[in-house]
Structures are given as structure tokens and as C-alpha cells.
Amino acid sequence: MLCQNCGKNEANIRYTQIINGIKKEIALCSDCAKKLGMDNLELPFNLNSFLGDFFNDYAETEFMPMLQTNELKCKNCGMTYDEFINTGVFGCSQCYDVFSNPIDSLLKNLHGTSKHIGRLPNGKAEKITVEADSGDKEKNKESDKKKMLERDLEKAIKEERYEDAAKIRDELKEMNK
Amino acid sequence: MNWYLQNGKDSDVIISSRVRLSRNIEGIPFVSKSKEGQLSAINEKLKSIVPALGYGLKYINLTDIDDLNKEVLVEKHLISPEFAKSKNPYTAIIINDEENICIQVNEEDHIKIQVFSSGLDVENLMNLAIEIDQKLEDLIPYSVSKKYGYLTACPTNVGTGLKISVLAHLPALSLTGNIRKVLNAVNNLGMSIRGLYGEGSKVEGDIYQISNNQTLGVTEKEITKNLKLISQKIIEQERLARKFLAKKGEELEDKVYRDYGVLSNARKLSEEEAQELLSSVKLGTDLGIIKELNDSKISKLILETKSANVQVKVGKKLSVYEQDIERANIVKQIIKED
């Protein structure tokens with residue numbers, strides 16, 4: 001696990017704080033622990049970002065198995081739920097899907113809703129690639145699209161939009177031909 | 001002329017408006033998780049499309065701007081203080097000569113489109129921001145989801161990615177002790193309002209920033225409309241309070257002319273004191289009591305008495321003590337100008 005303060009080094013000190021029976025844990029690397037005066041483990045402190053802290057407190061009041069949430073990790077950028085709580089920002093666009101379960105209610109709390117109704121781009125733009133992976137650009141594009149469709153399909157079924165689901169399924173079939 | 005020195009609509013109360021759109025590029029992690037190669041690719045890509053955008057925009061890497069001039073950009077509200085301090089070498093701004101468009105590259109999000117105007121002008125700004133956004137979206141694939149809209153690093157911006165804010169000068173509401181009521185009312189309407197300078201109960205210069213909280217599940221049009229309506233309500237209340245103050249004519253005239261006296265004669269002015277005095281002098285000028293100044297001189301005074309602006313004008317880094325002396329000189333010069 002990475003240090004929750006700097007997010008760079010491997011954490012090797014775990015600090016546990018229990019106040020009125022509420023347990024909070026934080027993992028730090030030895031550099032940060034020293035910097036924060038935490039190597040003697042005496043001072044009460046709060047390292048979490050304000051927003052992250054809000055998310056965490058909010059999540060804990062929900063009927064949510066915290067263990068499972070803590071184990072969530074975004075495969076694309078390596079962001080963990082703990083890290084998100086610590087920084088209050090996501091690492092990449094896929095985090096929104098990975099953490100969709102815990103954040104849906106948080107977004108409702110922040111914005112009153114979790115569904116976008118504003119503008120969207122019309123999608124004419126070409127994909128930007130970093131030199132390293134430009135070789136199999138076309139392939140990536142297609143598999144990306146497939147992944148997106150599969151995700152959409154799952155969502156459509158979950159939300160009982162069967163008409164949409166059928167359309168997406170047909171499109172996927174077409175691609176697999 | 002640069003937008004912040006111009007007179008805008010309702011600029012007796014609303015100093016300036018800003019519209020900001022946060023965007024990220026598809027397939028690349030957000031800035032905090034991007035690798036060097038990805039950040040530099042974003043930097044290169046945006047650099048290459050600047051000519052296609054028009055508006056006389058120029059691409060400037062932040063590493064090519066010295067610390068003092070970065071601070072000046074912060075004082076003009078063109079970039080965020082965090083962005084100015086960023087250690088990331090691939091940060092940049094895309095800016096025009098009028099400085100009414102300033103796009104931040106590789107801040108918290110890959111792209112932050114920002115447009116500015118003096119006074120209250122949120123609709124025109126919104127249209128301009130969308131126009132720029134549409135040009136960009138033809139050239140750059142944005143990271144979006146059907147459900148969550150435009151995806152941003154911070155979930156407080158997700159959806160429209162839109163934050164509109166206005167800076168309001170509310171001295172009469174403070175002087176009459178009504179500012180609390182206004183702050184509460186605005187907060188209850190789902191907008192946030194906070195003092196721009198100073199912490200806690202003391203708001204230096206009586207300048208407040210009002211902005212939308214909600215970015216998801218609301219359309220661009222609704223956000224624009226809400227912010228405009230709330231701004232108009234605040235303008236109405238501030239003007240009422242000013243009328244009330246004007247009834248006790250001598251009291252108010254005495255206050256603003258005393259403050260003008262100190263401002264124009266002091267040999268040494270701290271940044272905070274200058275802000276306080278300018279707030280009062282702006283009120284006096286807006287009400288037609290002080291005839292020696294005009295709107296654009298006041299805007300100039302407000303900007304050019306800020307710390308980094310003072311130092312850039314003199315052309316070197318100054319101690320706080322030296323700044324206070326130079327600040328008083330600059331004030332005298334601006335007052336004397338035709």
C-alpha cells in the first residue's frame with residue numbers, strides 16, 4: 001500500500017486512532033511519518049483531505065460493507081479507495097466506474113443527483129495517443145469501444161432499460177462478426 | 001484594453017465574472033496519475049492545436065514564466081494559486097492579449113477552459129466558453145460517460161464540469177450589518193459565497209465570490225440562469241443598502257473622503273490597508289461622492305497595489321517594507337494620471 005500522505009512511497013507505518021470507539025487507520029511511509037512528527041506516535045492529527053474525509057464519514061453511515069470498498073482498486077491507474085479518500089480526487093476516468101457503487105450516493109449528496117443531463121461532445125475528435133502505444137491504435141480503439149458497449153449493456157440491464165439493452169447487444173454482435 | 005480594466009454591466013457591484021469548464025482527455029489518466037510521457041503528450045497536443053482555435057491565443061509553458069509573474073497571473077485571477085506553485089514541468093496556459101481567455105493545461109484536470117469579463121456578463125461568457133469547448137472537442141477526444149457526463153479528477157466538478165463565479169463588492173451590506181443575511185440566503189439556494197480575501201469573519205476589501213456548487217444533474221443553461229438571478233438579487237440588496245447609507249449623507253461622505261485622504265497621502269501602505277481603503281473609495285466613487293476618480297482608475301488601483309504587481313512594476317523582488325513604500329507611490333501616480 002502507498003503512503004496516504006505523499007502517495008508516492010510504500011507505507012511502512014500504520015497509525016490507528018480510536019476516539020469514542022470510532023476507529024481510523026492511516027498508513028504512512030517513514031519519511032512522511034517523521035515530517036508529520038508521527039514517528040513517536042503521540043499527537044492526535046487529521047491528515048485526510050476535507051473532501052475525502054467527508055466521503056469517508058458519509059460512506060461509513062451508509063449500509064456498505066467497508067471491507068469490500070477498501071479493497072476496490074482501479075486497474076487502469078492503480079487508484080485505491082483509500083487513496084481516493086485521502087486525496088479527494090480520482091486518478092482516471094475509469095475510477096468512476098470502479099468506484100461507482102460507493103460514489104453514486106456521494107454524488108447524490110454533493111449534487112442532489114448522480115445523472116448528467118447537460119451537454120455532451122459530438123465525438124468527432126481523433127484519439128490522442130502517447131508514442132509508446134500508438135502501434136496498435138486501431139485495435140485499441142475497437143476494443144475500447146467494445147468495452148464501453150459492454151459496460152453500457154450491463155448498466156442498461158441493471159436499470160431495466162431493455163430496449164436500449166437490445167440495441168447495444170445487436171451492435172456488439174455486429175462487431176464480433 | 002484588458003478586460004479587468006474595463007467597465008462592465010452592473011460593475012458598481014459585480015467586479016467580474018468567470019466561466020470555467022473542466023475537461024480531461026480520453027484514455028489518459030487524470031493529471032495526478034499521468035506519467036511524464038502522457039503529460040508531455042498532452043502539452044504537445046494542445047500546443048499544436050492553438051493556431052486552429054483562433055482568438056489570438058498563445059501557448060506559454062509555465063516554466064517560461066518567473067515566479068513573480070506567475071503571482072501576477074494569480075492576482076489577476078487568471079490561474080489558481082496551486083497551479084502557480086505546481087512542480088509539474090508540463091503545465092501551460094493558453095492565453096490571448098486581452099487576457100479574457102486563459103486555458104490552464106495540466107492543472108488538476110488536463111484542460112480548464114476559463115473566460116472572463118468585467119461586470120456581470122455570465123450568458124455571453126457561457127456562450128464563448130461553449131464555443132471554445134466545441135472547437136476543442138473536434139480536435140481532442142474528451143473523457144465522458146453517458147451517466148456522469150464530463151469526467152473530472154474531483155467529483156465536485158463532474159457532469160457539466162462547469163463552475164461559474166462572480167466577484168461582488170458588497171461594502172454597504174457589510175457597513176449596514178446585513179451581509180450575514182445575504183450570505184445565508186445565497187448558501188440556502190445551493191450556491192456558495194465566500195470572502196475572497198481574509199479568513200474567518202473579517203473579509204478584506206468586502207469582495208465576495210459567488211459560485212455554483214452543483215455541476216451534475218443540472219444543465220449549463222440552468223446554472224447560468226441561477227447564477228445570474230442570484231447575482232441580480234445581490235445587486236439589488238447592495239444598492240438598497242447604499243441608498244440607505246446615502247440618506248445619512250455627511251456620515252458617509254466623511255468616511256469615504258477620510259479614506260480617500262489616507263489612500264492618496266500615505267507614504268506607506270500595506271496590501272491589506274490599501275484593499276480596505278480602496279473598498280471604501282470605490283463605494284464613494286460609485287455613489288458619485290468622490291469625483292477625483294473613475295471606474296477604470298479604481299480597477300487599476302485594486303490590481304496594481306497587489307504584492308506581485310507592485311514588484312513587477314518596480315522590476316525586482318522587494319521586502320514587505322519596501323513594497324509598502326512603493327505601493328503608496330504607485331497609488332499617487334495612478335491618481336495623478338489623466
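User: What percentage of the 177 residues of chain A count as buried?

Analyst: Buried means under 20% relative accessible area, exposed over 50% and partly exposed in between, with a 1.4 Å probe and protein chains only. In chain A, 36% of the 177 residues count as buried. Keep in mind that this is a predicted model, where local features need pLDDT of at least 70, side-chain atom pairs count only at pLDDT 80 or more, and totals for chains, interfaces and linings use all residues. Residues are numbered from 1 along each chain as its sequence is written, chains are lettered from A and ligands numbered from 1 in the order in which they are written, and side-chain values use heavy atoms, leaving out hydrogens and water.

User: Where does B:His110 lie, and is it buried or exposed?

Analyst: Strands are DSSP runs of E, at least two residues, and helices are runs of H or I, at least four, numbered from the N terminus. B:His110 lies in the loop between strands S4 (102-105) and S5 (111-118) of chain B. B:His110 is buried, at a relative accessible area of 0%. A polar atom of its side chain lies 2.7 Å from the backbone oxygen of B:Pro29.

User: How far apart are the end C-alpha atoms of helix H9 of chain B?

Analyst: The expected span is 1.5 Å times one less than the number of residues. For the 16 residues of H9 (271-286) that gives 22 Å, and the end C-alpha atoms are 22 Å apart, which agrees. Buried residues in H9(B) include B:Leu277, B:Leu278 and B:Val281. Just after H9(B), B:Gly288 takes a positive phi of about 80°.

How values were computed:
Polar contact = N/O pair within 3.5 Å; in protein donor to acceptor, adjacent residues only side chain to side chain.
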